[in-house]
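Hi,

Could you look through it when you have a moment?

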Amino acid sequence: MAGIRADAEEQALFTRAAALVRAHGIDSDTDLEPLLEHSPSDADPDVLRRLRHMSDAGAWVLMESAIADLPADLRWLYESGAVSIEQLAILHHQLGATSAADLLTAVQRRAIGAIPGLDETVERAVADALPGLRARIPRIPLGRATAMADPILAQLAATPGIAWTSALGSLRRGQDTVGDIELLAAATDPAQAIQDLTQLPAVVRTLHRGARRVYLLMDRVQVGVRLPDPSEAGAAQLHLTGSISHLAALRSLADRSGNRLEPNGLFAADGTRRAAAQEADIYAALGLPFIPPEIREGDEEIEAASRGQLPALIARSDIRGDLHMHSTWSDGRDTIEAMVEACRTLGYEYIAITDHSPSSAASRNLSLDGLKRQAEEIAGLRERFPDIVILHGCEVDILPDGRLDFPDRVLERLDIVLASLHDDAGHSRERLMQRYVQAMRHPLVTLITHPANRLVPHRAGYDLDYDQLFDTAVSTGTILEIDGAPSHLDLDGALARRAIAAGVTLAIDSDCHRAELLERQMRLGLVTARRGWIEPRHVLNARPIDAVRAAVVRKRAS
């Protein structure tokens, strides 16, 4: 509490200093000297001391320091030229604004022009700046954002006074890249949680600290945590998850039903706030089932919910096994035994060990002799761990001429064969498709991994004829993969949705190289699949092992 009081006193001191400077018509730090030499007799000594320090240090240095210590959206708003530093301070303190979502809400509610010291001109300037505000903020890959958010959410969940926690915004919606990291913790008493967060070893500095909100700089990334009262937490979670289009559709629905949807809840015509402890409460009051965050894009989900046609999205509990992972036999960090042990802990019924073939660009690859010795190791592990089925597979490269990287006499001894196109070899989209088609027509190839082979956020996926890819997968009985490796997340949600519309069967795999990341990468694959409206019925590894083996047999019989 002492720190909060000190911040308030410092802000008050700056405010009085600014008022004194304005009263004497001073425009820059170079004009401070006359004021300091001939100071008014009634001037506050503390204020004059602050101004003298600013003059000595250089006001621009202090200004740059102050701006650097602001939450990112406020900093970018100032640097866009939309507002002065004083106007920004008013927005920050009068509205409690710390993010673009807060500013957008204020614009939508026409709240800025009504604040003393601001007017409609400032409101319009803020409104004009908002659409491009986030374009100036480097986006964070989903995998990195998840890795940063998970331990913070875990710490919050274990803190007394916290009822539940949630990610927010594009992180919760599972977008490939995230604008910033915003988290929520429903808190009866947030003081201890805020104090603990500011003391985390990874915190470089605190950008904002309020009674129920804290913004931290960690590893060059801003992390914002909001801690609303549990009675209002559902409304805050809904509002801050978005998307903008989804919220606009909900507001229209509320208006038509005589209600009003605000950031702090759903209000009846008489001003009574409806229960909003959970998001589902608001959806139910609007006559809708709960809409999963991954599909809140404002395109079709509201209409689907109104018709009772929302998909039953696949969940972690539906996943029975993982068909793509690597060990120390190729570029994995952990042994097969370690991967098996971790998968048993995760409750999987089956897994496939699928190390890389000889021509892969991985740091290590399987040789013919290595594949034989690996089979012997897996046989021994099957005897030791009879409670989990261990399939011996391989992720085989599709070579530039379309051939597979192991001969058929080797591949046919494997339980499952995954085929991958890791190198485009400078080929055209037509030639890349020919390589894929040739591999999918091969009876020993059960599954195509990460078909677009994109590298998030650095490289877009292959420019393929995806309709042809999907049609070929259906006609040949080949499975296509949604890959949970944070660098792939491929097929992405949009392509996955097109795939199931074409009748493709999918697999959701971790493509994991470390035992400790098996669960996280499966979750990344799942959130990507959920963005594509994928249901358990679309997913091979949501089925029992007999169904997986049957899919392999059917393909080989073709």
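Helices H9 (residues 142-157) and H22 (residues 518-531) pack with their axes 11 Å apart, at an angle of about 125°. The axes are lines fitted to C-alpha atoms, for helices over the stretch in contact, and angles run from 0 to 180 degrees between N-to-C directions. That angle makes H9 and H22 oblique to each other (under 35 degrees counts as roughly parallel, over 145 as roughly antiparallel, 65 to 115 as roughly perpendicular, and the rest as oblique). Their crossing is right-handed, a term used if the near helix is turned clockwise from the far one by less than a right angle, with anticlockwise being left-handed. On the H9 side the contact (heavy atoms within 4.5 Å) is made by Leu142, Gly143, Thr146, Ala147 and Asp150, and on the H22 side by Arg520, Arg523, Leu524 and Val527. By class, the residues of this contact are four nonpolar, two polar and three charged. Here Ala, Val, Leu, Ile, Met, Phe, Trp, Tyr, Cys and Pro count as nonpolar, Asp, Glu, Lys and Arg as charged, and the others, Gly among them, as polar.

Before you go further: this is a predicted model, where local features need pLDDT of at least 70 and side-chain atom pairs count only at pLDDT 80 or more, while totals for chains, interfaces and linings use all residues. Residues are numbered from 1 along each chain as its sequence is written, and side-chain values use heavy atoms, with hydrogens and water left out. Helices (H or I, at least four residues) and strands (E, at least two) are DSSP runs, numbered from the N terminus.

The other helix pair is H5 (residues 72-79) with H6 (residues 85-95), at an angle of about 150° and with axes 10 Å apart. H5 and H6 are therefore roughly antiparallel, and H5 passes H6 in a right-handed crossing. Leu74, Leu77 and Tyr78 of H5 meet Ile85, Leu88, Leu91 and His92 of H6. That contact has six nonpolar residues, one polar and no charged ones.

Next, the second largest pocket, which holds about 720 Å³ of space. A pocket is an open set of points on a 1 Å grid over the protein atoms alone, where a 1.4 Å probe fits, with protein on both sides within 12 Å along at least five of seven lines; lining residues have an atom within 4 Å of a point. Of its 31 lining residues, Ala100, Ala101, Arg134, Arg173 and Ile244 lie nearest the centre. H7 (100-108) gives the largest share, six residues, and the lining has 13 nonpolar, 11 polar and seven charged residues.

The peptide bond from Gly242 to Ser243 is cis, with omega near -5°, and Ser243 sits in the loop between H12 and H13. Another cis peptide bond joins Asp490 and Leu491, with omega about 5°. Arg110 has a positive phi of about 55° although it is not a glycine.

Cheers

Technical notes. Points joined across faces, edges and corners; volume = space filled by probe spheres on them.
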